[in-house]
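Here is a short briefing to read with the structure open beside you. Take it one topic at a time, and try to find each residue as it comes up.

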Amino acid sequence: MEGAHIKHDISLIASSLSAFVTEAERALERVEPGARVAWFGHLGDGNLHFNVLAPKGADAQAFVSRQGEINMIVHDLVAAYNGSISAEHGIGQLRRDENHRYKSPLELTLMNSIKHALDPLGRMNPGKVLVSIRRKRPPKTKSQSDYLSDEEKMSFDCGKEGKGEPPFM
């Protein structure tokens with residue numbers, strides 16, 4: 001693509017792609033006359049790469065500085081068509097904060113619950129997709145050695161990583 005552009009990776013019901021593209025091009029023309037749209041993608045499953053290109057000869061920095069406004073136009077239309085602002089490339093850092101505008105509190109809670117179930121300590125990509133919800137460290141579960149007396153624990157000399165854990169741990 002030539003020149004400055006603002007990329008979108010969206011998904012829509014496949015039967016509404018044509019109407020969406022037509023309506024989005026008209027809405028963008030009203031706010032950025034001469035802007036061009038390059039769209040392509042996995043049309044059979046509704047995934048669409050919808051890229052807005054700066055008008056020919058436009059100041060690239062001035063165009064890109066309007067990214068928030070242009071994103072809102074595109075994403076509000078996506079929402080109106082019951083689509084998603086993120087398709088196969090995921091939410092990621094770029095769309096993380098916008099996600100709160102287009103997902104319900106229930107959806108965000110479910111997303112955070114799934115994240116917490118898979119990553120209870122929040123170590124995997126913290127803050128990359130979901131705004132972090134601070135959680136307490138899960139309670140320590142008892143290991144088999146917690147049921148042994150101190151004397152029994154001391155009798156293990158070939159323990160796990162030299163920490164006095166019994167070898168069956």
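Ile 6 stands opposite Val 52 in strand E4, and Ile 6 itself is found in strand E1. Please keep in mind that this is a predicted model.

**Starting from Ile 6**

- Is Ile 6 buried or exposed? Ile 6 is buried, because its relative accessible area is 1%, and buried means under 20%.
- Ile 6 and Ala 54 are 48 residues apart in sequence, yet their C-alpha atoms are 8.3 Å apart in space.
- E1 covers residues 5–6 and pairs with E4 in the antiparallel sense, over two bridges.

- E4 spans residues 47–53 and is mostly covered, with seven of its seven residues buried.
- In a regular strand, side chains alternate between the two faces of the sheet.
- Which residues of E4 point one way, and which the other? Asn 47, His 49, Asn 51 and Leu 53 point one way, while Leu 48, Phe 50 and Val 52 point the other way.
- Strand E2 (residues 9–11) runs antiparallel to E4 and is joined to it by three bridges. Here Ile 10 is the residue opposite Leu 48.
- Strand E3 (residues 36–42) also pairs with E4 in the antiparallel sense, over seven bridges. In that pairing, Val 37 stands opposite Val 52.
- E3 and E4 form a hairpin with four residues between the strands, and Gly 46 in this hairpin takes a positive phi near 85°.

**The whole chain**

- The chain has seven helices and four strands.
- Along the sequence, these elements follow the pattern β-β-α-β-β-α-α-α-α-α-α.
- Of the chain's 169 residues, 31% count as buried.

**The largest nonpolar core**

- In soluble globular proteins, nonpolar side chains tend to be buried together.
- The largest nonpolar core of this model has 22 residues. Those with the most contacts inside it are Leu 12, Phe 20, Leu 48, Phe 50 and Val 52.
- Which elements give two or more residues to this core? They are helix H1 (17–31), strand E4 and helix H3.
- H1 provides the largest share of the core, with six residues.
- Leu 48, Phe 50 and Val 52, named among the residues with the most contacts, are also the ones that point the same way from E4.

**Salt bridges**

- Side chains of opposite charge can pair when their charged atoms come close.
- How many salt bridges are there? The count comes to four.
- Glu 69 and Arg 66 meet through their side chains in a salt bridge, with 3.0 Å from N to O. Glu 69 is partly exposed at 38% relative accessible area, and Arg 66 is partly exposed at 23%.
- Glu 32 joins Arg 66 and Glu 69 in a network of salt bridges.
- Asp 76 forms a salt bridge with Arg 101, and the closest N and O atoms are 3.0 Å apart. Asp 76 lies in helix H3 (residues 67–80) and Arg 101 in helix H5 (residues 99–102), so this pair ties together parts that are 25 residues apart in sequence.
- Both partners of that pair are partly exposed: Asp 76 has a relative accessible area of 31%, and Arg 101 has 49%.
- Lys 115 and Asp 119 also meet in a salt bridge, at 2.7 Å from N to O. Lys 115 counts as partly exposed at 27% relative accessibility, whereas Asp 119 counts as buried at 7%.

**The second largest pocket**

- The second largest pocket has a volume of about 230 Å³.
- Lys 115 and Asp 119 turn up again here, in the lining of this pocket. The lining also includes Met 111, Ile 114, Leu 118, Met 124, Asn 125, Lys 128, Val 129 and Leu 130.
- How do the lining residues divide into nonpolar, polar and charged? Six are nonpolar, one is polar and three are charged.

Methods: Residues are numbered from 1 along each chain as its sequence is written. This is a predicted model: local features need pLDDT of at least 70, side-chain atom pairs count only at pLDDT 80 or more; totals for chains, interfaces and linings use all residues. Side-chain values use heavy atoms; hydrogens and water are left out. Buried means under 20% relative accessible area, exposed over 50%, partly exposed in between (1.4 Å probe, protein chains only). On a 1 Å grid over the protein atoms alone, a cavity is a set of points where a 1.4 Å probe fits but cannot get out, and a pocket is an open set with protein on both sides within 12 Å along at least five of seven lines; lining residues have an atom within 4 Å of a point. Grid points are joined across faces, edges and corners, and a volume is the space filled by probe spheres set on the points. Ala, Val, Leu, Ile, Met, Phe, Trp, Tyr, Cys and Pro count as nonpolar, Asp, Glu, Lys and Arg as charged, and the others, Gly among them, as polar. Two strands pair if DSSP finds at least two bridges between them. A nonpolar core is a set of buried Ala, Val, Leu, Ile, Met, Phe, Trp, Tyr and Cys residues joined through side-chain atoms within 4.5 Å.
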